[in-house]
Amino acid sequence: MRSIAVINQKGGVGKTTTSVNLAAALAEAGRRVCVLDLDPQAHASLHLGITTLDGEPSMYEVLCGDLSIDQARRNLSDNLSIVPANLDLAASELELASEVGREMILRDKMDADEEPYDYFILDCPPSLGVLTVNALVAVGEVFLPLQPHFLALHGLSKLLRTIEVVSRRLNSQLRLTGVMLCMYDSNTRLAAEVSTDIDEFFAANTGSRRFFQDAQFFDTRIRRNIRLAEAPSFGQSIFQYSGESNGAADYRALAEEVLAQEVAAEQPQRMAA
């Protein structure tokens, strides 16, 4: 089972769009996927047509109460489910502030979940607070969506430092394994320049930074696509809303690259056996 946190402390870079549509693409490919919505804005939940009212099971009760992941989970299809969020989750930052072992709560809940999922995909809030740290402690991998913009690298070093500190002190298995460009416009020179800069940055640092030495800068570029922007207002993934659009094609291609990582990871194990 792969557990992946989709993280960027900068908003508006395609984080939730990637969490939801990558999950849907992997489910379409036959993998069992569960999305965990850790953002109090609940955009991933709304994107998949789920609105959680006060008193209904949600991620808040999982983190701050006695609810299990299974009790809060909503099944969307045979292969796709979600543990939804609502605004109550914003209170968890304060409620967990004095909790002993607060960084480990989500990890323990995920470890106790007995459903045989192939992927957990965690949509994280645009911040580096308790919710994001819980995600980093609970998962094995981080995916980083970036916008091909001059400010795309702004704050990246801080985010990478946070991941590195968590990997060193709280989760030795944590690795940055995927970086993708979203809202890509191939007609602009800036997009190509930023893409080159990001590629060179990771190429220059992988040898000295263990936690992202295996990071893959995905070949797939998620192009600007009006259908991707429209889909959340209908409570649907891009595949439900416009399965033949460029947005759907791009996320299918990204899912193929993610699935190829499984094959690459299995090859050394076969050789060792």
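**Exercise 1.** Classify Glu-28 as buried, partly exposed or exposed, then characterise its salt bridge.

Step 1. Glu-28 has 45% relative accessibility and therefore counts as partly exposed (buried is under 20% relative accessible area, exposed over 50%, partly exposed in between; 1.4 Å probe, protein chains only).
Step 2. Its salt-bridge partner is Arg-252, with the closest N and O atoms 2.8 Å apart (criterion: a side-chain nitrogen of Lys or Arg within 4 Å of a carboxyl oxygen of Asp or Glu).
Step 3. Glu-28 belongs to helix α1 and Arg-252 to helix α12, 224 residues apart (helices are DSSP runs of H or I with at least four residues, strands are E runs with at least two, numbered from the N terminus).
Step 4. Arg-252 is partly exposed too, at 28%.

The model is predicted: local features need pLDDT of at least 70 and side-chain atom pairs 80 or more, while totals for chains, interfaces and linings use all residues (pLDDT is the predictor's confidence in each residue, from 0 to 100). Residues are numbered from 1 along each chain as its sequence is written, and side-chain values use heavy atoms, without hydrogens and water.

**Exercise 2.** Determine which parts of the chain the salt bridge between Glu-115 and Arg-32 ties together.

Step 1. The closest N and O atoms of this pair are 3.5 Å apart.
Step 2. Glu-115 sits in the loop between α6 and β5, and Arg-32 in the loop between α1 and β2, so the bridge joins parts 83 residues apart in sequence.
Step 3. Relative accessibility is 33% for Glu-115 and 22% for Arg-32.

**Exercise 3.** How many salt bridges does the whole structure contain?

Step 1. The search finds 12.
Step 2. Asp-70, Arg-73 and Asp-113 are linked in a network of salt bridges.
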